[in-house]
Amino acid sequence: MPLEQKLKYEAERDVKFANWVTRETGGENLRHCIQCGVCSATCPLSLYMDYTPRRLINLAREGFKKEVLSSLTIWLCASCYACRVECPKKIQVTDIMYLLKRRAIQEGVYPRHFPIPVLAKEFGRMIFLFGRVNETLLVIDLFLRTNWFRFLGMTRLGMNLMRTGRMSFIPEQIKRKRELRKILAALDAEEQKESAL
Amino acid sequence: MKYLYFPGCSLKGTGKAYEESLLAVFGALGVELQELEDWNCCGATAYMSVDETKSYALAGRILALAERERLDVVAPCSACYLVLNKTQKSLQEHPELHRKVTGALQAAGLDYKGTVKVRHPLDVLMNDVGLDAIKQKITSPMAGHKFAPYYGCQIVRPYATFDDQHNPVTMDQILQASGAECVEYPHKTRCCGGSLTGTVPEVGLRLAYILIKEAKQRGAEAIVTVCPLCQFNLDGYQDAIAKKYERVDLPILYFTQILGLALGLPAADLGFKRGIISAEAVLAGR
């Protein structure tokens, strides 16, 4: 049995990371958390998470960056907002999950072969390409990139969708793609300006 | 009564039955829907995990296009509905975000002032059309039918715009006005798993199974929903649920399909053939 450190030491905290979380949209009142656990109790996914939402919030505000960013928890959040509605301190747990997901993608530390970050990125790529998302192509793309086997197991669903006319292999596209690209390019330029400061 | 209609990607794809039944029902009630010209994807829940400002800018383009038309926007998909509402709220609350997003929109010749009202079809039916007007047009009431009203998450959470967050009732009232009975369904706002059903099925299937099993135990002959992703998850994965848990065989319908039947519209115009689980029992005698 490999020996593992079960306790976390204060010296292992990354205070800069904790401060960053509270500066992002949604993270502002992270430090108000009273660790009551209502978020974990209302979360329909908490029983699958490596850290329950309550624990994740605690780790994030103390600055345990590695644990938080490589956790499955942030990717298992389905954005149902049950925790946020119930939180007595009005902490925007769902938005904290989002900002941690973004950071995990940026730093490339999300769990490998876990299809959700791949889905998120492909989703974005498809919007840049067509302006709209074609669910059929998105799902095919996702499985080709992550799990061939599972894709083969989905033929029945595919056939059902085909039979009921809910599948389409031709992407719907917007007319003014240039307009959309201008918007996104303007934001890229803004970001470059910021990082140059 | 006239509104802008923002269908979103799902209503043109796997959720076609929602679009078909919504357009038919609104038409029958004399409500005009004008599809928003050249609309783009709202970014849904997925893109927010990649880029925050760009997500808001995607929704910002939709809102800017809508603002030109000076009409309320009807967004039937729960994800679209939430994203548009959330964008409006976030832009109001975060001046820096507002500056970036409106600046980027201006670079593309678009203007967004923040005057658009985003509405859900349930909101329009309840508050603009009115239950009494709906009841007057019911010609083939759904008497003897029992349904589980399932709202899912994103239309009542995090913002309670037109219904209660813990116990929403607008769909119950519309189904009852259609002559149907609603079973007590305590899971009415529980999460269906969203995109997890596809990406991490071992997790998503269980959520869908719990929702379907509870509705069956309560005596519902179908789950009636307002969200294309809920409908897809609950309808599309019943084969997989049968393999992992047990056979459930429960039709998953849109509230507009039930209301459409009660308004005397032909089932063929309401997208019933698009359900993977057949709704024959609901259609019996029609």
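Helix α2(B) has these buried residues: B:Ala17, B:Tyr18, B:Glu19, B:Ser21, B:Leu22, B:Ala24, B:Val25 and B:Phe26. Buried means under 20% relative accessible area (1.4 Å probe, protein chains only). The model is predicted: local features need pLDDT of at least 70, side-chain atom pairs count only at pLDDT 80 or more, and totals for chains, interfaces and linings use all residues. Residues are numbered from 1 along each chain as its sequence is written, and chains are lettered from A in the order in which they are written.

**Helix α2 of chain B**
- Helices are DSSP runs (H or I, at least four residues), numbered from the N terminus.
- B:Gly30 follows α2(B) and has a positive phi, near 75°.

**A:Thr22**
- A:Thr22 lies in helix α1 (residues 15-23) of chain A.
- A:Thr22 counts as buried because its relative accessibility is 16%.
- Beyond its neighbours within four places in sequence, A:Thr22 is in contact (heavy atoms within 4.5 Å) with A:Gly27, A:Glu28, A:Leu30 and A:Arg31.

**Where chains A and B meet**
- Chain B brings 69 residues to the contact, and chain A brings 62 residues.
- There are 11 salt bridges between chain B and chain A (a side-chain nitrogen of Lys or Arg within 4 Å of a carboxyl oxygen of Asp or Glu).
- A:Asp188 forms a salt bridge with B:Lys54, with the closest N and O atoms 2.7 Å apart.

Key: Side-chain values use heavy atoms; hydrogens and water are left out. Buried means under 20% relative accessible area, exposed over 50%, partly exposed in between (1.4 Å probe, protein chains only). Helices (H or I, at least four residues) and strands (E, at least two) are DSSP runs, numbered from the N terminus.
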